[in-house]
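I opened the model to look up a few side chains and ring pairs. These are my notes.

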Amino acid sequence: MSSLKTLSLFSFLFAALHFPSVHAATFDITNKCPYTVWAAAVPGGGRQLNNGETWTISAAPGTTQARIWARTNCQFDGAGKGSCQTGDCNGLLACQGYGSPPNTLAEYAIGQFANQDFIDISNIDGFNVPMEFSSASAGCTRVIKCTADIVGQCPNELKVPGGCNGPCPVFKTDEYCCNSGSCGPTPFSKYFKERCPDAYSYPKDDPTSLFTCPTGTNYKVIFCP
């Protein structure tokens with residue numbers, strides 16, 4: 001056997017022994033709302049979920065900037081084209097990009113630094129459907145919820161049909177969007193934070209809103225928990 005093949009075989013065996021494969025994380029997405037929602041995920045696509053239905057997707061280690069959300073009041077044709085009142089993703093049933101605000105977001109990154117997953121719920125893009133994002137595995141007990149009546153009490157400046165918009169999508173200024181990388185809480189972000197203290201309310205809300213589970217954890221997202 002050539003030295004190159006010997007080295008390659010040694011490298012493979014070393015990796016197999018010291019870096020065991022990590023399976024993809026699964027996400028069980030369940031609609032407990034008394035109305036139909038059209039679940040969306042990037043990566044993942046989209047699916048109509050009637051009350052009590054569950055859609056399962058998976059994400060490989062290394063997946064980042066991923067999102068799961070609910071769309072409401074949608075109409076799609078047989079080709080999967082149409083529109084939604086909230087959370088619409090370019091008129092497609094099977095989303096290929098992020099949804100339009102307002103939409104309550106479950107966000108995650110899998111298999112990151114120190115074999116950790118990062119998970120959060122975000123209201124930066126506003127709120128349309130109550131949500132719970134939690135571990136489905138014994139190795140992590142994290143449960144994140146945002147279930148307040150945010151739409152019913154929404155400030156007039158942020159009200160839109162079917163939801164409560166975030167101030168960044170409405171005003172598009174550095175004060176709310178933090179494009180410069182330096183910003184703080186505002187009266188509008190505090191409106192969301194007071195009602196959902198575990199959820200992101202503005203871009204620099206990491207200390208109270210970003211959570212971890214060990215890589216290898218499976219998850220569940222519930223609309224209207």
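**Aromatic rings**

I started with F27, which is buried at a relative accessible area of 0%; buried means under 20% relative accessible area, exposed over 50%, partly exposed in between, with a 1.4 Å probe and protein chains only. I also looked up F133, and F133 is buried with a relative accessible area of 0%.

A note on the source: this is a predicted model, where local features need pLDDT of at least 70, side-chain atom pairs count only at pLDDT 80 or more, and totals for chains, interfaces and linings use all residues. Residues are numbered from 1 along each chain as its sequence is written, and side-chain values use heavy atoms, with hydrogens and water left out.

I then searched the whole structure for aromatic pairs and got eight. Rings of Phe, Tyr and Trp (its six-membered ring) pair if their centres lie within 6.5 Å; planes under 30 degrees apart count as stacked, over 60 as edge-to-face and the rest as tilted. The F27 and F133 ring centres are 6.4 Å apart with planes at 40°, so I logged the pair as tilted. F27 is in strand β1 (residues 25-31) and F133 in strand β9 (residues 131-135), so this pair ties together parts 106 residues apart in sequence. Strands (E, at least two residues) and helices (H or I, at least four) are DSSP runs, numbered from the N terminus. Ring pairs link F27, Y108, F133 and Y219 into a cluster.

**D88**

I found D88 in the loop between β6 (82-86) and β7 (105-112). A polar atom of the D88 side chain lies 3.0 Å from the backbone nitrogen of G91. Not counting residues up to four places away in sequence, D88 touches R71, G82, S83, Y98, G99 and S100; contact means heavy atoms within 4.5 Å.

**D205**

D205 sits in the loop between α4 (187-195) and β13 (211-214). I read D205 as buried, at a relative accessible area of 7%. Leaving aside neighbours within four places in sequence, D205 is in contact with K193, A199 and Y200.

**G80**

I placed G80 in the loop between β5 (66-76) and β6. G80 is buried, with a relative accessible area of 13%. Beyond neighbours within four places in sequence, G80 is in contact with G91, L92 and L93.

Key. A polar contact is a pair of N or O atoms within 3.5 Å; within protein, one must be able to donate a hydrogen and the other to accept it, and residues adjacent in sequence count only if both atoms are side-chain atoms.
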